[in-house]
Amino acid sequence: MGIKSFQGARKQQANVVDSTPLKVSDYMTRDLITFTPNQTIESVMQKLIAHRISGGPVVNEKNELIGVISEGDCIKQISESRYYNMPMQDKTIENHITMNVDTIDGNMNIFDAANKFLSAKRRRFPIVENGKLVGQISQKDVLKAAMTLKGQNWK
């Protein structure tokens, strides 16, 4: 008596080439909400709240990335303003942005980007090409990429 297989007849699997894009540039956000260094902290906070974002890139008039502003940067300014009893309504973000910004290459594999998120403990990375800001990838974008690949082999 032989062994019965309930899996059905085995089919020869064709060599399927996975054409699913795995580059950061395929999943990054291109339509960004940006800030300028001469914006007031209040206007930045209003924009963060209105657009339900936690931060964004700060660019100059040539669309070159000069830093990032976050909710945390704004909260720090609120705290300092209260501590020193100084109104902040006319203060610009120029001196309150994070200048040392890590960026990601748009041609980077989405899984390498996921590892960079884990090691750098960042929520977003700007993408710069030829000195100009072209997009931004967030942790949520990486999750969306993973969901589009659901059910496929991870490569």
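**Reading pockets and helix faces**

Modeller: Start with a space. The second largest pocket holds about 260 Å³. Keep in mind that the model is predicted.

Colleague: What classes of residue make up the lining of the second largest pocket?

Modeller: Six are charged, five polar and three nonpolar.

Colleague: And what is the volume of the largest pocket?

Modeller: About 460 Å³. Its lining has 18 residues, with Ile53, Ser54, Arg124, Gln136 and Ser138 the closest to the centre.

Colleague: Which element gives the most to the lining of the largest pocket?

Modeller: H4, with four residues. Strand E1 (55–59), E4 and H4 each supply at least two. By class, seven of the lining residues are charged, seven are polar and four are nonpolar.

Colleague: Let me step back. How many helices and strands does the protein have?

Modeller: Four helices and four strands. Along the sequence the order is α-β-β-α-α-β-β-α. Of the 155 residues, 32% count as buried. Take contacts between residues at least 6 apart in sequence: 60% of them join residues at least 24 apart.

Colleague: Now the helices. Why do residues three or four places apart point the same way in an α-helix?

Modeller: An α-helix has 3.6 residues a turn, so residues at that spacing point the same way.

Colleague: Which residue just after H1 takes a positive phi?

Modeller: Arg52, at about 55 degrees.

Colleague: Which residues of helix H3 are buried?

Modeller: Helix H3 spans residues 110–120, and its buried residues are Ile110, Ala113 and Phe117. Down the axis of H3 they fall within an arc of 50 degrees, so they too line one face. Leu118 and Ser119 are exposed on the other side.

Colleague: What do the buried residues of H3 pack against?

Modeller: Three elements: strand E3 (124–129), strand E4 (132–138) and helix H4 (139–148).

Colleague: Which residue caps the N-terminal end of H3?

Modeller: Asn109 does. One of its side-chain oxygens lies 2.6 Å from the backbone nitrogen of Phe111.

Colleague: One last residue. Is Cys74 buried or exposed?

Modeller: Compare its relative accessibility with the cut-off: under 20% is buried. Cys74 has 3%, so it counts as buried. Cys74 lies in helix H2.

Colleague: Which residues is Cys74 in contact with, leaving aside neighbours within four places in sequence?

Modeller: Ile41, Val44, Met45, Leu48 and Ile69. Cys74 and Met45 are 29 residues apart in sequence, yet 7.0 Å apart in space, C-alpha to C-alpha.

Notes
Residues are numbered from 1 along each chain as its sequence is written. This is a predicted model: local features need pLDDT of at least 70, side-chain atom pairs count only at pLDDT 80 or more; totals for chains, interfaces and linings use all residues. Side-chain values use heavy atoms; hydrogens and water are left out. Buried means under 20% relative accessible area, exposed over 50%, partly exposed in between (1.4 Å probe, protein chains only). The arc is that of the directions from the helix axis to the C-beta atoms. Contact means heavy atoms within 4.5 Å. A polar contact is a pair of N or O atoms within 3.5 Å; within protein, one must be able to donate a hydrogen and the other to accept it, and residues adjacent in sequence count only if both atoms are side-chain atoms. On a 1 Å grid over the protein atoms alone, a cavity is a set of points where a 1.4 Å probe fits but cannot get out, and a pocket is an open set with protein on both sides within 12 Å along at least five of seven lines; lining residues have an atom within 4 Å of a point. Grid points are joined across faces, edges and corners, and a volume is the space filled by probe spheres set on the points. Ala, Val, Leu, Ile, Met, Phe, Trp, Tyr, Cys and Pro count as nonpolar, Asp, Glu, Lys and Arg as charged, and the others, Gly among them, as polar.
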